[in-house]
Amino acid sequence: MSAIDEVKQRLDIVQVVSEYVKLQKSGKNYKSACPFHSEKNPSFFVFPDRQSWHCFGACGTGGDIFSFVMKKEDVDFPQALRLLANKAGVPLDDQTSSQRQSQNKEREILFEINEAAAGYYHHLLLNASSAKAARNYIGGRGLSNETIKDFQIGFAPEGWETIKQYLKNKGYEEKELLAAGLLVQREDGSNYDRFRNRLMFPIRNIQGQVTGFGGRALDDSLPKYLNSPQTLVFDKSGSLYGIDRAKTTIRQNNQAVIVEGYIDVLIAQQYGYGNVIASMGTAMTDKQLTILKSLTRNLILALDADAAGEEAVSRSGEMVDKMLPVPPSFYGWVKYEDAHKAEVRIMILPSGKDPDEVIIADTKHWQKMITDAKPMVDFIFESAAAKIDTTSARDKSTIVEKLLPLLNEMKDPIRQAHYLERLARLLKVDEHFLSDTMRKFKALDKKRRWTAGTRPLAPVSTPISSSSPLEQYCLALLLQYPELKLECTALSPDHFENTENRELFSKWQNSEDVDGFIQSLDSALVEYANNLMSRAFPAIITENESVRRQTIEDCAIRLQERRLRSLEAQRQELLSIEAETGGTAAQLAKLEEQGLEIAKQLQEIFVKQNQRHRRVKSDA
Ligand SMILES: [Zn+2]
């Protein structure tokens, strides 16, 4: 049994809550005035059967002993766990050094396997007759033999067991090849090569170790680019393609240019621009920035004209949205610049051209684009100036709405004043008016952050010790496919009843990438999280992005429905008890009102479900 389960088993929620709140019996449950919002009539209930609590009043929060202590003591989950474990006399042991050692060993083996695979794929590209199309393709893209050798570009042939057989003959076990992400497991437990008929780009960390691969399809297969999955050594969101080769030049030039494609990096290197790296097609993450920070604080982002919003000329709020496309959101970049005394500049590629094409066509042009790259905020201001209609009140207020929060992120008052003045000039409004609005915005922002921090915690309506398979399935999918984050914005930690699951979801929601997520976890949860991350899914899930998306949507809807139903069950129960034991009219009315709200939300879920079913049917 885990320490968390043991704590739950040894402590009774009525006892724990009673230490903070004077409880009054109500049927088989307990009630009191809510300790988290001020009220006259008690709407805070404790349910001993479910070992949970819920406030049916203004704050609508609920949960188990952990969430109660977190909220009452204003501590995070690890602190609440320590506090309660201490109370229950449950010893907590953090990860032992032998566990860490065995993990290091596992990592070593994965690096070895990847190195061997990279060598073999490279050998096949140079020699195999089946690699002719691949050789033609890279020749056509202008890559020299030297570059191909330097970066160990490779070829994965058509077969289902090429790399598997090669590496098994070298003495590696299938289990290890699966862990390296080179094989994919079928539902029946058998497995096959993940990369087939693809041009292979070994991805290395800053030390030069091969962590994973990017494979480009050589036919119409989808996805066009296939990456290694998350492994012990590969984390896409923490990888920068080319960083091992570029690091010295980046440091010498004190500047890094960030592009999107593998071949962009290769061509740049080939033509002597050694400070170019690729972001792996994802928005830059904190983890990638941390790697770069040790080399330079001067970043240039190469954006294509579309992404930079050059094409989006519509005079509407939408235009401004498109104007701020820069991940991890422009606000994040400004904060980054401020926090690290960094400068982020933007370089706009000619419409429809990739960096490699620009370099091959004319290196002087590339050089000039680098020199002309504009500081990010200036770039935004200039784009805005070019596009807004300063006679339109609506344009003006959209710009203010977009840019003030941005300026608000600037902690350097001189920098902030500089741009505030510029904004006033741009919009032809009084600067005092803008600084006034900014002050109001600041107050509002503070309040918003405060409310977000005290968001309602989850209500618990089933015995907490049994972990829900639906919750686990949903979490395992999310942890293994972080890009699904976008599909479940409707979910909150409230939708997870199990303590561990709720904590995992809330940490996952607040982390940039899987590494950050694992690091943010209390050690009592790491093993559980690792189990979820290595849970095997059937091929229909692993191989098909749209099935994955549908599945997670389904999970999200079911979790929402389940939560509403359990709230409704609690409410019904209370309503009957309160009616019997003579609850006040106001209290009964409040419970009725809550019922209407729940019914409305359930109705919305049903509509969503129906729409989904229709869509899935019409897709099929
Ligand atoms: Zn309350």
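**Exercise 1. Classify Phe44 and its ring partner Trp53: is Phe44 buried or exposed, and what kind of pair do the two rings form?**

*Solution.* Step 1: start with accessibility. Phe44 has a relative accessible area of 0%, so Phe44 is buried (buried means under 20% relative accessible area, exposed over 50%, partly exposed in between, with a 1.4 Å probe and protein chains only). Trp53 also counts as buried, at 0% relative accessibility.

A word on the model before we go on: it is a predicted one, in which local features need pLDDT of at least 70 and side-chain atom pairs count only at pLDDT 80 or more, while totals for chains, interfaces and linings use all residues. Residues are numbered from 1 along each chain as its sequence is written, and side-chain values use heavy atoms, with hydrogens and water left out.

Step 1: turn to the rings. A pair of aromatic rings is described by the distance of the centres and the angle of the planes. Rings of Phe, Tyr and Trp (its six-membered ring) pair if their centres lie within 6.5 Å; planes under 30 degrees apart count as stacked, over 60 as edge-to-face and the rest as tilted. Searching the whole structure gives 24 aromatic pairs. For Phe44 and Trp53 the centres are 5.5 Å apart and the planes stand at 35°, so this pair is tilted.

Step 2: widen the view. Phe44 and Trp53 belong to one aromatic cluster together with Tyr20, Phe36 and Phe68. Elsewhere, the charged end of Arg245 sits over the ring of Phe151, at 5.2 Å from its centre.

**Exercise 2. What geometry do Tyr473 and Phe537 adopt, and which parts of the chain does the pair tie together?**

*Solution.* Step 1: with 5.4 Å centre to centre and 85° between the planes, Tyr473 and Phe537 make an edge-to-face pair.

Step 1: locate both residues. Tyr473 is in helix 21 (residues 469-480), and Phe537 is in the loop between helix 24 (523-533) and helix 25 (539-542), so the pair ties together parts that are 64 residues apart in sequence. Helices (H or I, at least four residues) and strands (E, at least two) are DSSP runs, numbered from the N terminus.

Step 2: check accessibility. Tyr473 is partly exposed at 26%, whereas Phe537 is buried at 5%.

**Exercise 3. Which residue forms a salt bridge with Glu115, and where do the two residues lie?**

*Solution.* Step 1: the partner is Arg204, with an N to O distance of 3.8 Å (a salt bridge is a side-chain nitrogen of Lys or Arg within 4 Å of a carboxyl oxygen of Asp or Glu). By this rule the structure has 30 salt bridges.

Step 1: Glu115 belongs to helix 5 (residues 97-127) and Arg204 to strand 9 (residues 198-204), distant parts of the chain that are 89 residues apart.

Step 2: Glu115 is partly exposed at 35% relative accessibility, while Arg204 is buried at 15%.

**Exercise 4. How are helix 17 and helix 19 oriented to each other, and which residues meet?**

*Solution.* Step 1: two packed helices are described by the angle between their axes and the distance between the axes. The axes of helix 17 (residues 376-387) and helix 19 come within 11 Å and cross at roughly 5°. Axes are lines fitted to C-alpha atoms, for helices over the stretch in contact, and angles run from 0 to 180 degrees between N-to-C directions.

Step 1: the two helices are therefore roughly parallel (under 35 degrees is roughly parallel, over 145 roughly antiparallel, 65 to 115 roughly perpendicular and the rest oblique).

Step 2: list the residues in contact (heavy atoms within 4.5 Å). Helix 17 brings Val377, Asp378, Phe381, Glu382, Ala384 and Ala385 to meet Arg415, Tyr419, Arg422, Leu423 and Leu426 of helix 19.

Step 3: Lys374, Asp378, Glu382 and Arg422 are linked in a salt-bridge network, in which Glu382 and Lys374 have their closest N and O atoms 3.4 Å apart. Arg415 forms a salt bridge with Glu337 at 2.6 Å, linking helix 19 (residues 413-427) to helix 14 (residues 330-340).

Conventions. A charge sits over a ring if NZ of Lys or CZ of Arg is within 6 Å of the ring centre and within 35 degrees of the ring normal.
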